[in-house]
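Here is a short briefing to read alongside the model. Have the viewer open, and follow the topics one by one.

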Amino acid sequence: VSNNLDYELGIRQEVTDMYESPLLYSAGTSFALTEFYTIKANLSKNFRIPTFNDLYWQGSGNSNLKPEHSIQGEIGNELNYKNSKLVVTGFLIQLEDMIRWIPTSNGLWQPENTQSVKNYGLEAKFETKKSIEMHLFSFSTGYAYTVSENNETEKQLTYVPNHKANANLAYNYKSFTTYYQWMYTGEVFTSSDNFYKLDDYALSNIGIDYNFGKKKTYLLGFLVLNVANEKYQNVISRPMPGRNFKLYLTINL
């Protein structure tokens, strides 16, 4: 429409002989109010049939799954200033027959339909970079507040944290990079009545790598995971590793 306004409209019809697929639509727009501030909005109707893994994974698949339907919308705000960017997005998703894998009483994970679910929340991301000659410093952080409620019980879904956050700090000089990562996961409920729960936890990682390649990537790195040796569980009765180490080689030809 103009240099400041973009929009996108779409319709899609999937065809399958196993499920009755509805007509799907999407609409999105982006409007630059100023040179540094942009507002975005999206609305869509979505449909997802169960995958072969959902249906037939040996010992865990559920051949009685129904397709998942959803209506979702979001409004985002983006601020750009020099080498920094802040994005704040609010969202709302209404799902019917939501497909999700959850642990069963015998310890196996199995997919099931949750009849009616409402997801809403807020996500914020910030990133910035600073170059001083051949030295590059970068920092990024993010936070997400999520409510994922069963509409019938008005309880938070199991293993969905209300709060998640992360931060990354990196320093690069020529082919050498070192970085620090921090990740926070809020408490989660392990029972559908929200009576039992797992505590929140925060993890830190420190890594270093070197790229031996010029035009191609030959990256050799070393990573220390869970530096503080935090004791935590992300699934009930399954303790996660304490401090551990990782040596990696990445080759992109």
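With which side chain does the side chain of aspartate 54 make a polar contact? The partner is the side chain of tryptophan 101, at 2.7 Å; a polar contact is a pair of N or O atoms within 3.5 Å, where within protein one must be able to donate a hydrogen and the other to accept it, and residues adjacent in sequence count only if both atoms are side-chain atoms.

A word on the ground rules: this is a predicted model, in which local features need pLDDT of at least 70 and side-chain atom pairs count only at pLDDT 80 or more, while totals for chains, interfaces and linings use all residues. Residues are numbered from 1 along each chain as its sequence is written, and side-chain values use heavy atoms, with hydrogens and water left out.

**Around aspartate 54**
- Aspartate 54 sits in helix H1, residues 52–56 (helices, H or I, have at least four residues and strands, E, at least two; both are DSSP runs numbered from the N terminus).
- With a relative accessible area of 5%, aspartate 54 is buried (buried means under 20%, exposed over 50%, and partly exposed in between, using a 1.4 Å probe and protein chains only).
- Beyond its neighbours within four places in sequence, aspartate 54 is in contact with residues including Arg48, Asn62, Leu65 and Pro111 (contact means heavy atoms within 4.5 Å).

**Around valine 117**
- Valine 117 belongs to strand S6, residues 109–132, and is buried at 0% relative accessibility.
- The C-alpha atoms of valine 117 and asparagine 150 are separated by 4.7 Å, although the two are 33 residues apart along the chain.
- Setting aside neighbours within four places in sequence, valine 117 is in contact with Ile93, Leu95, Met98 and Leu157, among others.

**Two positive phi angles**
- Most residues other than glycine have a negative phi.
- Glutamate 154 has a positive phi, near 60°, and lies in the loop between strand S7 (135–150) and strand S8 (155–156).
- Tyrosine 159 also has a positive phi, near 65°, and is placed in the loop between S8 and strand S9 (163–173).
- Tyrosine 159 counts as buried, because its relative accessibility is 18%.

- S13 and S14 run antiparallel and are joined by six bridges (two strands pair if DSSP finds at least two bridges between them).
- A hairpin through five residues links S13 to S14.
- S14 and S15 also run antiparallel, with nine bridges joining them.
- Glycine 221 in S14 stands opposite aspartate 209 and also opposite tyrosine 248 in S15.

**The nonpolar surface patch**
- A nonpolar surface patch of about 1200 Å² has Ile208, Tyr218, Phe222 and Leu249 among its residues (patch residues have over 30% relative accessible area and no salt bridge, with nonpolar side chains, Val, Leu, Ile, Met, Phe, Trp and Tyr, joined within 5 Å and like charges within 9 Å).
- Strands S13 (201–211), S14 (217–225) and S15 (244–252) each supply at least two residues of this patch, and the largest share, four residues, comes from S15.
- Phenylalanine 245 is found in S15 and is exposed, with a relative accessible area of 55%.

Conventions. Accessible areas come from the Shrake-Rupley method with a 1.4 Å probe; for residues, only the protein chains shown count as cover. A salt bridge is a side-chain nitrogen of Lys or Arg within 4 Å of a carboxyl oxygen of Asp or Glu.
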